[in-house]
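User: Hi! I'm new to this one, could you walk me through it?
Analyst: Happy to, let's open it up.
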Amino acid sequence: MAGPGPSAFPATEHAEQPGPVAAPTPAAAPRAPAPPPEARALFGPALGLAERYADLLAGPAVERGLIGPRETARLWDRHLMNCAALAELVPHPASVIDLGSGAGLPGIVIAILVPDVRVVLLEPMARRAAFLEECVRDLRLGNATVRRGRAEDLAGELTADVVVARAVAPMQRLAGLALGLARPGGLVLALKGAGAEQELARARGVLRRLGARDAAVVQAGSGRVSPAATVIRLTAAPGVSRGRALAPARPGARPGRAAGKAGPPQKPGGAAT
């Protein structure tokens, strides 16, 4: 019987051996858009830190669902510059609490721009607080710390000269939370939108009951950012005791209980942060 032909067995002696498999090229970390010229004027020598923070927002913050992916393209004009404008209203040196800090807007921007303020980034949710810790560490912000907790639980324990807030709650609700953290005579600065005047009008009764003074809508950054940042500014009356009673109860809440947080703060893109 004839033996098998030459093609019946695989050739091994001169077979071409597979070469080394190339390691996959790691994807480049997402980057924020380049800052516009107005941002360079606003941030000055701190622009490099602001750019690094913008990259953290465009990368880890988006990946973890802290801000919406559509917000990446407008991080500078809608978010970072808006918060930088607010910083001009913060007296310094001073202590600052960023109420419901979320992804760090505006507290981290204030810490970047104003080195002689001490900023507490107050945030109740663990994943947001973890991101804030990473930002503080990565940016080496020695003037910023993260505190995980709810404003109504810390009223009377945690206080500051200035309380700032952005996209946390309507003013009727926010007033009690913020004033509970402000020292007597301290300042509350709430970044708002086009409906700020109407929102303030609806909150007048609550503000009177809480002893707030000089409540007004002001513009920040006029001539430096367009549009200017719209801010509700008010002062905590001297001698008003700080405590849970400052947080107005939600409808249906049991008497004697501190009011709960009015839902997750809506930060850039409508994503809870």
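This is a predicted model: local features need pLDDT of at least 70, side-chain atom pairs count only at pLDDT 80 or more; totals for chains, interfaces and linings use all residues.

User: How far apart are the end C-alpha atoms of α2?
Analyst: They are 24 Å apart.

User: Where does α2 bend?
Analyst: At Leu57, by about 30°. A proline, Pro60, follows within four residues.

User: What comes just after α2?
Analyst: Gly65 is found there, and it takes a positive phi of about 75°.

User: Switching topic: how many salt bridges are there in the whole structure?
Analyst: A search finds 13. One of them joins the side chains of Arg74 and Glu71, with 2.6 Å from N to O.

User: Is Glu71 buried or exposed?
Analyst: Glu71 counts as buried, because its relative accessibility is 2% and the cut-off for buried is under 20%.

User: What about Arg224, which residue does it form a salt bridge with?
Analyst: Arg224 pairs with Glu88, and their closest N and O atoms are 3.4 Å apart. Arg224 sits in the loop between β6 (212-220) and β7 (229-236), while Glu88 is in the loop between α3 (75-87) and β1 (94-99), so the pair ties together parts that are 136 residues apart in sequence.

User: Nice! How accessible are those two, Arg224 and Glu88?
Analyst: Arg224 has 40% relative accessibility and counts as partly exposed. Glu88, at 41%, also counts as partly exposed.

User: And Glu123 and Arg128, are they buried or exposed?
Analyst: Both Glu123 and Arg128 are buried. They form a salt bridge with each other, where the closest N and O atoms are 3.3 Å apart.

User: Last one: which residues are linked in a network of salt bridges?
Analyst: Arg150, Glu152, Asp153 and Arg173 are linked that way.

Conventions. Residues are numbered from 1 along each chain as its sequence is written. Side-chain values use heavy atoms; hydrogens and water are left out. A salt bridge is a side-chain nitrogen of Lys or Arg within 4 Å of a carboxyl oxygen of Asp or Glu. Buried means under 20% relative accessible area, exposed over 50%, partly exposed in between (1.4 Å probe, protein chains only). Helices (H or I, at least four residues) and strands (E, at least two) are DSSP runs, numbered from the N terminus. The expected span of a helix is 1.5 Å times one less than its number of residues. The bend at a residue is the angle between axes fitted to the seven residues ending there and the seven starting there.
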